[in-house]
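Hi,

Here is the structure I promised to pass on.

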Amino acid sequence: MDVLIREATLEDAPLIAHLTRACWQDKVAASSSGHQESLERVATDLQLGGGFILLVDEEPAGSVRWQPMEADSDTWEMLRMGILPAFRGTGLSQHLLEAVIHHAQTTGVEELRLGVRVDQPRLLDLYAAYHFEAAPELEYSHANPDEPAPHVMRRFLR
């Protein structure tokens with residue numbers, strides 16, 4: 001299996017929107033806004049922050065995005081990481097996570113944050129293995145107001 005992570009461009013917005021919807025299907029609660037991911041939302045995320053696409057044998061298999069916090073550009077929030085069902089169970093999400101961490105470190109970012117849906121508690125251990133810690137005092141700025149607030153986790157990079 002040949003795995004490649006590449007930085008996303010604005011031209012990738014339709015692909016990332018499709019990947020997000022496909023990754024969420026049958027995996028994340030139907031109330032999640034990820035099921036209605038739009039090209040416009042992805043393009044905004046890419047313009048404000050960035051993203052990576054994971055390719056397996058040159059086939060898109062997953063993606064992740066990030067945005068700097070509005071009040072603190074040295075802190076990024078990770079958004080919408082997902083792996084297509086056909087590629088799950090092989091640890092590929094770790095490649096995306098490591099790519100964001102490495103990119104943030106080389107860019108001089110001081111902190112990464114992410115939100116874990118309350119109905120996805122198994123992900124807490126994945127992120128904890130990468131030195132993310134629970135931060136219940138923080139709010140996730142991309143939280144869906146129609147759902148329970150996600151668990152916020154953070155990792156300091158310096």
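First, the ground rules. This is a predicted model, in which local features need pLDDT of at least 70, side-chain atom pairs count only at pLDDT 80 or more, and totals for chains, interfaces and linings use all residues. Residues are numbered from 1 along each chain as its sequence is written, and side-chain values use heavy atoms, with hydrogens and water left out.

Helices and strands here are DSSP runs numbered from the N terminus (helices are H or I, at least four residues; strands are E, at least two). Take helix α1 (residues 13–24) and helix α2 (residues 39–48): they pack at an angle of about 115°, and their axes are 8 Å apart. The axes are lines fitted to C-alpha atoms, for helices over the stretch in contact, and angles run from 0 to 180 degrees between N-to-C directions. So α1 and α2 are roughly perpendicular to each other (angles under 35 degrees count as roughly parallel, over 145 as roughly antiparallel, 65 to 115 as roughly perpendicular and the rest as oblique).

Which residues make the contact? On α1 they are Ala13, Pro14, Ile16 and Ala17, and on α2 they are Leu39, Val42, Ala43 and Leu46 (contact means heavy atoms within 4.5 Å). By type, the residues of this contact between α1 and α2 are eight nonpolar, no polar and no charged.

Staying with α2, its buried residues are Val42, Ala43, Asp45 and Leu46 (buried is under 20% relative accessible area, exposed over 50%, partly exposed in between, with a 1.4 Å probe and protein chains only). They cover an arc of only 160° around the axis, so they sit on the same side of α2; the arc is that of the directions from the helix axis to the C-beta atoms. On the other side of α2, Glu40, Gln47 and Leu48 are exposed. The cover over the buried residues of α2 includes α1, β2 (50–56), β3 (59–69) and β4 (72–83).

Most residues other than glycine have a negative phi. Glu58, in the loop between β2 and β3, has a positive phi near 70°, and Glu58 is exposed at 73% relative accessibility. His131 also has a positive phi, near 70°; His131 lies in the loop between α4 (122–129) and β6 (133–134) and is exposed, at 56%.

Two more residues to look up. Leaving aside neighbours within four places in sequence, Val152 is in contact with Leu114, Glu133, Ala134, Ala135, Leu138, Glu139 and Tyr140. Met1, in the segment before β1 (3–7), is exposed, with a relative accessible area of 64%. Thr90 itself is in the loop between β4 and α3 (92–107) and is partly exposed, at 45%.

Cheers

Conventions. Ala, Val, Leu, Ile, Met, Phe, Trp, Tyr, Cys and Pro count as nonpolar, Asp, Glu, Lys and Arg as charged, and the others, Gly among them, as polar.
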